[in-house]
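Have it open beside you as you read.

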Amino acid sequence: MAVRTPDPDPNERDDDGSHDPLRGLGSMSSQGSSGNPAWLTDVELAEARRRIPMLYVEAIPVRTDGMGAVTEVGVLLRATPMGEITRTIVSGRVRYGETVRDALFRHLENDLGPMAFPLLPPQPTPFTVAEYFPIPGVSAFHDDRQHAVSLAFVVPVTGTCEPRQDALEVTWMSPEEAASESLAAEMEGGRSTLLRLALASVGSLR
């Protein structure tokens, strides 16, 4: 199943609900960019995806015990633009002029809600770099829209998660459940492999 990371609508507001400070700058005239040079119209995005790799961040939210060991893994239930229901993780593009940390925080807040309280160090370090290709079989990861390079992180969260946008719910499961074949069958684009790599990176893959 191909990965379908949502693309937020820039027409009225930023995807965190705040006013876009770049609105009105630049000279893009086609609908979708709204004069914001950090945004691409649908046509420009399709052209960029055809010519260059896109940079993403992905996050596996976890809960830990007092010793820092992972006790639960958060997996999202998401509705795709094609009307499919699938299991996935926090994911999204890095914007022009945005730091990786800021992009990571933004997508965590978008998917898990403002009260999730993710614990992000000043300079987060990815546990792996995942390469998504539009041609199946090039790597373990597949996205039929584009070639994407994703920096993947394990992120402890300490607050209450209230999924929003197209994230329907977050299911907290044990590391063993998260690594199961039954969950892998529900996940998209090879992200079950990414989830196992995340668990291995924190010593939770048995």
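1. Buried means under 20% relative accessible area, exposed means over 50%, and partly exposed is in between (1.4 Å probe, protein chains only). Contact means heavy atoms within 4.5 Å.

2. Before going further, the ground rules: this is a predicted model, where local features need pLDDT of at least 70 and side-chain atom pairs count only at pLDDT 80 or more, while totals for chains, interfaces and linings use all residues. Residues are numbered from 1 along each chain as its sequence is written, and side-chain values use heavy atoms, with hydrogens and water left out.

3. Back to H2 itself. The helix runs over residues 100–112, and its 13 residues should span 18 Å at 1.5 Å a residue, which agrees with the 18 Å between its end C-alpha atoms. The expected span is 1.5 Å times one less than the number of residues. The buried residues in H2 are Ala103, Leu104, Arg106, His107, Leu108, Asn110, Asp111 and Leu112. After H2 comes Gly113, with a positive phi near 95 degrees.

4. Arg106 deserves a look. This arginine is buried, at 8% relative accessible area, and its side chain makes a salt bridge with that of Glu98 (2.8 Å, N to O). A salt bridge here is a side-chain nitrogen of Lys or Arg within 4 Å of a carboxyl oxygen of Asp or Glu. Glu98 counts as buried too, at 19% relative accessibility. The count by this rule is nine salt bridges.

5. What does the side chain of Glu58 pair with in a polar contact? The partner is the side chain of Arg191, at 2.5 Å. For a polar contact, read a pair of N or O atoms within 3.5 Å; within protein, one must be able to donate a hydrogen and the other to accept it, and residues adjacent in sequence count only if both atoms are side-chain atoms. Glu58 sits in strand S1 (residues 54–64) and is buried at 0% relative accessibility. Leaving out neighbours within four places in sequence, its contacts include Leu104, Tyr132, Leu151, Phe153 and Leu194.

6. Arg191 also has a salt bridge to Glu188, with the closest N and O atoms 2.7 Å apart. Both ends are tucked away by the accessibility cut-off: Arg191 is buried at 2%, and Glu188 is buried at 0%.

7. Next, Leu151, which belongs to strand S7 and is buried at 18% relative accessibility. Not counting residues up to four places away in sequence, Leu151 touches Leu55, Tyr56, Val57, Glu58, Val100, Pro126, Thr128 and Val129. Its C-alpha is 7.9 Å from that of Phe127, 24 residues apart along the chain.

8. One more pair to check: the side chains of Glu181 and Arg196 meet in a salt bridge (3.1 Å, N to O). Glu181 is in helix H4 (residues 181–184) and Arg196 in helix H5 (residues 191–201), so the pair ties together parts that are 15 residues apart in sequence. Glu181 is exposed at 61%, whereas Arg196 is partly exposed at 22%.

9. Finally, Glu47, Arg50 and Arg51 are linked in a salt-bridge network.

Methods. Helix = DSSP H or I, 4+ residues; strand = E, 2+ residues; numbered from the N terminus.
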